[in-house]
Amino acid sequence: MNMFLAPLPHIEDCRKRIRVYSSGVCLIDTKKARLVWLHDKYPVYGFTREDLPTRWYLRVSSETEDEIIFDITLGHNPNLERIITYHLTGPLQGIAIVKFDAIDAWFEEDEQIFVHPKDPYKRVDVLQSSRHIRIELNGIEIAKTHAPRLLYETGLPVRTYIPKTDCRMDLWQPSDLKTACPYKGNASYYHVVLSSGETFENIVWWYPTTTLEAASVSGYVAFYDEKVDMWVDDEKQERPKLA
């Protein structure tokens, strides 16, 4: 969305079939969803009143002159309370927004999506490279390779993925941190523990499973460029600023 200037909220037609499931029940099945940008990070899905679940599953939680808030009545699940906002006035008039995280499963066509809808203006490219990459922490070399894979993601810094066998895996300690990205997959993390005992938490990540577009970084690891010293073809890189 930040690829062009447009007032927010910004609304576009979605050409994909969208289905929404909870407790195994298909609550929404439409080919007329809207992509709605409420901010410039990523869109949400918007639905017409006709797209919403039947009254069998729908209950009004509250109503004002501007909006109706609905509960989904599937069992006694508190996560399904106040999860649909249907707008009666303003730029979103006639559009309902469903809380993404409250729903068990979302599908674009027959592909399940995670975290949030993908931004059609965002792209992920992974390129094999032969650049010489070297990474240090406090003067200790922790990775060196001539076979990195460079991941280019719209609006984000280039990330360098390195084969595990080109890293000092003996310095790694598994972390409990897990994160998810709709464009790349589910990431696991490592701490780096130097011989001095100094620990750098969650400074390495990798994707045990990936989306199709990021499949070629599966099993490779990336280091936070913002927290390590990196050389590319023997040229030291300036650390990106932490977001």
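**Exercise 1.** How many salt bridges does a search of the whole structure find?

*Solution.* Begin with the basis of the work: this is a predicted model, in which local features need pLDDT of at least 70 and side-chain atom pairs count only at pLDDT 80 or more, while totals for chains, interfaces and linings use all residues. Residues are numbered from 1 along each chain as its sequence is written, and side-chain values use heavy atoms, with hydrogens and water left out. Next, recall that a salt bridge is a side-chain nitrogen of Lys or Arg within 4 Å of a carboxyl oxygen of Asp or Glu. With this rule, the search of the whole structure gives 16 salt bridges.

**Exercise 2.** Find the partner of Lys184 in a salt bridge, and decide whether the two residues are buried or exposed.

*Solution.* First, the partner is Glu153, with the closest N and O atoms 2.7 Å apart. Second, locate the two residues among the strands (DSSP runs of E, at least two residues, numbered from the N terminus): Lys184 lies in the loop between strand S17 (172-181) and S18, and Glu153 lies in strand S15 (residues 149-153), so the pair ties together parts that are 31 residues apart in sequence. Third, apply the cut-offs, where buried means under 20% relative accessible area, exposed over 50%, and partly exposed in between (1.4 Å probe, protein chains only). Lys184, at 8% relative accessibility, counts as buried, and Glu153 is buried with a relative accessible area of 7%.

**Exercise 3.** Which residues line the largest cavity, and which classes do they belong to?

*Solution.* On a 1 Å grid over the protein atoms alone, a cavity is a set of points where a 1.4 Å probe fits but cannot get out, and lining residues have an atom within 4 Å of a point. The lining of the largest cavity consists of Val20, Leu27, Ile28, Pro53, Ile72, Ile83, Ile84, Val98 and Ile103. Sorted by class, this lining has 9 nonpolar, no polar and no charged residues.

Methods:
1 Å grid on protein atoms, 1.4 Å probe; cavity = no way out; pocket = protein on both sides within 12 Å on 5 of 7 lines; lining within 4 Å. Nonpolar A, V, L, I, M, F, W, Y, C, P; charged D, E, K, R; others polar. Helix = DSSP H or I, 4+ residues; strand = E, 2+ residues; numbered from the N terminus.
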